[in-house]
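Opening the notebook on a new chain. I want to jot down what I looked up, one topic at a time.

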Amino acid sequence: MGGARRVANDPLRKQRILDATLNVIAQHGVHGTTHRRIAGEAGVPLGSLTYHFDSLGDIIEQAFARMAESMSERYHAALTAAPDQAAACAAVTDLICGEEYATPRELTLLHEMYAYANHNGTVAETLRQWLRRSRASLARHFSERACRAVDALIEGWPMHQAWEGEPLDRDLVRETVTAVAERLR
């Protein structure tokens, strides 16, 4: 006779663990992420991690997938709100120059995710899906070729800013995005 299945009394625990994982990665990098650090950051017993996840790799994969989904939703919302290509160029400029797309913490996490994807097929697939979602959002206003180019600008320019430590030239960004959109029709 089987006993009753134990029901978790904290239905948001798994999400808290994933959020804590991103905090730990942002602070210590993927290489410094441990079960103990995640449990401590999440304020949960260490055993909760193995209850909800198969391995440390599984936790990291799901955390990066959660982050990619959240960032994709903001990206999609910004482009969906644009009524035409000119407004889409302005929205892209805002994504590149502001924290609407990626806060400094998220940029750190993006660097970690890209590096981790080189050695983890699941995270590499998360990135490929993210690229497809990004281009689908851009496709409302831009040609296929322009989508690829603009998406690369959105990914790359904030990274350059993070490494250079200087604000972006908003006019240059807007002019570049507009030129790409107009040239690659």
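**Annotated spans**

I began with residues 11-71: their end C-alpha atoms lie 23 Å apart, and the span is 77% helix and 0% strand. Helices here are DSSP runs of H or I with at least four residues, strands are E runs of at least two, and both are numbered from the N terminus. UniProt, in an unreviewed entry, lists these residues 11-71 as "domain: HTH tetR-type". Its positions are in the numbering used here, feature names are shortened, and annotations may be inferred rather than shown by experiment.

I then took residues 34-53, which the UniProt annotation "DNA-binding region" (unreviewed entry) covers. That stretch is 75% helix and 0% strand, with its end C-alpha atoms 13 Å apart.

**Ground rules**

I keep in mind that this is a predicted model: local features need pLDDT of at least 70, side-chain atom pairs count only at pLDDT 80 or more, and totals for chains, interfaces and linings use all residues. Residues are numbered from 1 along each chain as its sequence is written, and side-chain values use heavy atoms, with hydrogens and water left out.

**Whole chain**

I found nine helices and zero strands in the chain. The C-alpha trace spans about 70 × 40 × 25 Å along its principal axes. Of the 185 residues, 41% count as buried, meaning under 20% relative accessible area, with exposed over 50% and partly exposed in between (1.4 Å probe, protein chains only).

**Helix 1 against helix 2**

I checked helix 1 (residues 13-28) and helix 2 (residues 35-42): their axes come within 8 Å and cross at roughly 120°. Axes are lines fitted to C-alpha atoms, for helices over the stretch in contact, and angles run from 0 to 180 degrees between N-to-C directions. On the helix 1 side, the contact residues include Ile-17, Ala-20 and Val-24, and on the helix 2 side they include Arg-37 and Ile-38. Contact means heavy atoms within 4.5 Å.

**Helix 4**

I looked at helix 4 (residues 56-80) next: its 25 residues reach 36 Å from first C-alpha to last, close to the 36 Å expected at 1.5 Å a residue. The expected span is 1.5 Å times one less than the number of residues. Among the buried residues of helix 4 are Ile-59, Phe-64, Met-67, Met-71 and Leu-79.

**Ala-139**

I asked where Ala-139 is found. The loop between helix 7 (121-138) and helix 8 (144-164) holds Ala-139. Ala-139 counts as partly exposed because its relative accessibility is 46%. Its C-alpha and that of Val-150, eleven residues apart along the chain, are separated by 11 Å.
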